[in-house]
Amino acid sequence: MPNTTFLFFLTCLDNFGDKLSKEEPRIGVYVCHCGENIAGAVDVEEVRRFAEKLPNVVIARDYLFMCSDPGQEIIKKDIRDGLINRVVVASCTPKTHEPIFRRACEAAGLNKYYLEMANIRDQCAWAHWHEKKKATEKAKYLVASAVAKARLLEPLEDRYVEMNQNVLVIGGGISGIFASLDLANAGYKVYLVEKEPSIGGNMAKLDKTFPTNDCASCILTPLMVEVANNENIELLTYSEVESVEGSVGNFKVKIRRKQTWVDWDKCTGCGACINVCPPAARVPNEFNEGLDERGAIYIQFPQAVPRKAVIDIDACVKCAGREFGKPPKVSKDGRKILAPCEKACPTGACLRDEPRDPEGSILEIEVGAIIVATGYRVMDKKYFKEFSPSSPNVITALQMERLISATGPSDGKLIVPSDIKKYKEGKNAREPKVIVYISCVGSRSKRYHSYCSKICCMYMLKQAMQLKESYPDLDIYIFFIDVRTTGKDFDEYYMRCKELGIHIIRGKVGGINQLPNERLLVRGYDSDIGKPVELESDIVVLASAVEPSQGMEELSRKLGISIGIEGFLKEKHPKLYPVDTLSEGIFICGCAQGPKDIPDSVAQAKAAASSVMSLLSKGKMKVEPLIAEIDRDRCSGCGICEPLCPYKAITITEKRKKEKKAELNPALCKGCGVCVVACPSKAIKLHGYTFEQLLSQVEALSIELER
Amino acid sequence: MNVINLTYLREREKKEYGKRTITVIQEFGAENIAQCMQCGACSSICPLSISGFEWYNKKLIKGIELGLRDEFFDDPTPWACVACNRCSEVCPRDVNPFEVMFAMRRLMIEEFVIPPTALEALRSLYEHGHAIYVENRKARKAVGLDEKPPTTDSNEKALEELRIILKNTRLIELGLFPLK
Amino acid sequence: MKKYGLFLGCNIAFNRPDVEVSMRKVFPAFGIELDNLDGQSCCPTWGTMPSVDLVGWCAVAARNLALGEEKGIDLITACNTCYSSLCEARHKILTDEKLYKKVNEVLSKIGKKYQGKSKCRHIAWVLYEDIGLEKIEEKLKYRLDGMRIAVQPGCHFLWPSESLTEKEEDPFNPVILRNLCEALGAKAPYYSRLIDCCGAGALKSTSPEKALKLAESKFKSIEEEVKADLIVTTCSSCMIQLDESQQKLKKIGKLKKEIPVFHYIQILAICMGFDPKKVAGICITPRDKIIRKILEEK
């Protein structure tokens, strides 16, 4: 080579940051039998002989199981003996085995990125099991291609990225609470974001829990208080996640704190304001699932944590013309005209003067990992027209739970829902004599949700048992399609219900009609006897399907995680990774991942917390060096790459000479290669998949095999 | 014996019919029959079930699935279906039990299992273009209408067209009555 | 002038031609022209072609619908069976491409085709949508104020809601017929067995006693909950069944009071002043008393 061309070549190499070793590649090819998996379709010996003859290959061996200890030892010995300085393993999938062989190279003292694998099992032997001759030929091509790339491999080095040690938990139900507590007690700082004014989620709405019939509030409230008092947990209620940027170890999250119109530093939760909110300002009470109403200023429920008031300005009737965001009007004799809630508050916590900020205030935080625990809701009864949803005495199971709860609309007294208003007015409210339960309303259905909601069979039995024990004369009929009481103590629970005299009927209800006096005519079927049945009932409870919470879809888009076909968040692997997602650093747990009861939710919450701890505990994260690199001298500053990067890793910046060039943040780059392909100047290189490597592989695939 | 011998049914399906009964029913128009989870919603409001017929929707589907076939031929239930479709309206799996009943009819008719009233209606359809046909026209005259309504009754060409259509249907192969 | 093809079916044409007269009088009075749809046949009813094969059913139905399509008009009918058989056939033709082709192959043998453009509407919907309750009220000569009506929309007016041309918002709580009756001045309350089947059709021909049981259950609910002066239906088959079964039930002591049964179009015709003998002259349970009462009031 003439000197000038050689120097040009060298400068190219230097400018490109190329680290091609100056020594000749000496490649060792190792062909695996993989028991019968490869050898059953591919003639391993023939492939080995073929590999031997390839240029730069100094040794070619075969073995029964390359990944085993003795198999790996073969490779390590060749490296230690100085025989080879590049390794090609023709075996199974790199997805599972690349790390194994990389570790073997490293252990023997060779840079682990000097390894290339050829998948002659999944992509060859298994795919062409019945065409042995062609499979062997294809295996040869695959090996030739791997060898061609091996010649051009670079000795890359692993990088390390600092991981932020804070954690964001989205959702303050039982799952979010447990995840936060486990992390906080391990020393991590947790931001717990909850969209309602209080934490507690759906569990706070329950009266008792199966199978122990524990009082839900009794077991939940101490945990809620613990969360509030834990110095490592920053509780951000009445807030929602606005945006998420960055990637694992370095998430930048914006949290929108909704406007409460009450100063929570001053509010003591005394409840004086609630009593004076006028009757004109009433909206359905979400905590009681719409069975009764609340005022515009409200505390979510008596055991709320934090126990603070919030003004719902859409419901507020602006008493005496008291506007929001303006100072109060002044009467003729100089007194301020205040709203009743403002007057009643002993600490002056009512903040109606504050300017209106529909966006709420934004809090920016940085975290290393995120846990999504947004929980569930139950389907509204309005979708099920054949069940006479317009009748007030047809209710969902969660509504029934509120009805029998001591903090519910009738203070726990069992009355027909159509008489709740009467009860509140102090009049005589009718007590039900017959209650009917219907399972699988919206679940196991082609029209709504094909899945089984899992918890309904048990909670219907639980409510029935509770009611029957308190009101022995009550007639309760539960219409099941199948009775699904799986789990410890659950089937025994079911048998106890039968002993109590609760009627269990296997057959779905096909129609409900209204009778006079707000009673209901239920048309069902008894499969065991094989005849249609009908009865008159005072209340019908629908076990409607469990769905993910409202807003979960939007949240998943902000986080960049997927949702499964049935609507719940998608886990990385349904069997082995139920709390991970395909986005590293983001975990899911509880009912956001799928319908489940409290013990399973808690188990998943703890699993997610533990996964976060495994991720963050080392403080640094090893990142593979197979990422992109931009040559600023080649870069023309066209800017095509910047918007294409899905991880926002590229920015166009000005550095020396005031020229705008592309700059890559290696911490964010995932090595997807989109920018590499798009760059018209070929200024971007993807380590591990360079143009030269790929083109040499293509060339190797076009050789003529000797017949 | 009160026992249903499933082995016998399965052998019969394989040897005598060559096809599972459920497959035959699917081919006759009840494509979703396998989706049924036997919940019973359809039977709770089916007029046949309520009035006391034997092989109404849910039970018929189960019987078909097990392999019963000839056993249904003595039973009048499939021919009693009023096609109200309330079953299809409430079925959570979109099985469309109504289609199963009518698919059963289409199977039964192959074996000449058809009640005399239905056969008469078909014959009348071919002969006059009306399933229900009454010779006596006093009622029409009494209310001031023409004796013959503006249907195939008074339109020979239309009746002929209808007959051509009927001759191009399964009626020809079934040979229930002569189609002249 | 809006024009529709009058689809008669079999029962109305031969057994209850007074319903036909009602239609021929009422619609022109509202400015709707009725075409005879010459050459129409049986819809085909459920016991005939639908029980034989799918293509045959849809071909016969398509021939009837094509009679309307050729003239660019839709069909209207007062019989629920015809309504549902034609609607379902049309729905199947439009949603199954193979069936569409096969049906048109058969139709081509008589030189016709059906593209799915013309549909069959129920007269109750034409009265409700095209004419409207206000216009109906305007044209009334007699009103039914103070009377109580038990309505029977009939199964085929409600289900399967997917394939019907026009559907109630809540097929389990139908209001169209109730609204139409209340436009005449009467009260048409909800009762628990409103949507239950009356037992007409194949059920009756297979087992008259079982059909009677269904009618009995219907009458019991009407007696207890509605205390009706008359029963009004949108289906000619329901009308015949409820009309006939009262006599049978009375004989076995299962019916306390007889209630006259009308098709809505008949009671509307009477209230509009047309001759009751022509529009509602054929019945088994006597109608004279109630008709006299209606004509007395203004």
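**Contacts, sheets and packing**

Author: The contact between chain B and chain C takes 54 residues from chain B and 55 residues from chain C. This is a predicted model, in which local features need pLDDT of at least 70 and side-chain atom pairs count only at pLDDT 80 or more, while totals for chains, interfaces and linings use all residues. Residues are numbered from 1 along each chain as its sequence is written, and chains are lettered from A and ligands numbered from 1 in the order in which they are written.

Reader: What makes two residues count as being in contact?

Author: Their C-beta atoms, placed from the backbone, must lie within 7 Å. On the side of chain B that touches chain C, the elements giving two or more residues are α4, α6 (77–80), α7 (86–90), α8 (97–110), α9 (116–128), α10 (138–142) and α11 (156–167) of chain B, where helices (H or I, at least four residues) and strands (E, at least two) are DSSP runs numbered from the N terminus.

Reader: How is the side of chain B that touches chain C divided into nonpolar, polar and charged residues?

Author: Ala, Val, Leu, Ile, Met, Phe, Trp, Tyr, Cys and Pro count as nonpolar, Asp, Glu, Lys and Arg as charged, and the others, Gly among them, as polar. By that rule, this side of chain B has 33 nonpolar, 14 polar and seven charged residues.

Reader: Why are β11 and β17 of chain A called edge strands?

Author: Two strands pair if DSSP finds at least two bridges between them. The open, antiparallel sheet of chain A has the order β11-β12-β17, and β11 (239–247) and β17 (361–367) each have a single partner strand, so one side of each is left without a neighbour in the sheet. Strand β12 (residues 250–257) of chain A meets the criterion with β17(A) through seven bridges in the antiparallel sense, and Phe251(A) has Val367(A) as its bridge partner in β17(A).

Reader: Which strands of chain C form an open sheet, and in what sense do they pair?

Author: The order is β5-β6-β7 in chain C, with parallel pairing. Strand β6 (residues 230–233) of chain C is joined to β7(C) by three bridges, and Val232(C) stands opposite Phe262(C) in β7(C). Helix α12 (residues 236–251) of chain C packs on this sheet, touching β5, β6 and β7, and its direction makes about 170° with that of β7(C); axes are lines fitted to C-alpha atoms, for helices over the stretch in contact, and angles run from 0 to 180 degrees between N-to-C directions.

Reader: What makes the crossing of α2(A) and α6(A) right-handed or left-handed?

Author: A crossing is left-handed if the near helix is turned anticlockwise from the far one by less than a right angle, and right-handed if clockwise. Helix α2 (residues 44–52) and helix α6 (residues 132–151) of chain A pack at an angle of about 35°, with their axes 10 Å apart, and the crossing is right-handed. Among the residues making this contact are Phe50(A) of α2(A) and Val143(A) of α6(A).
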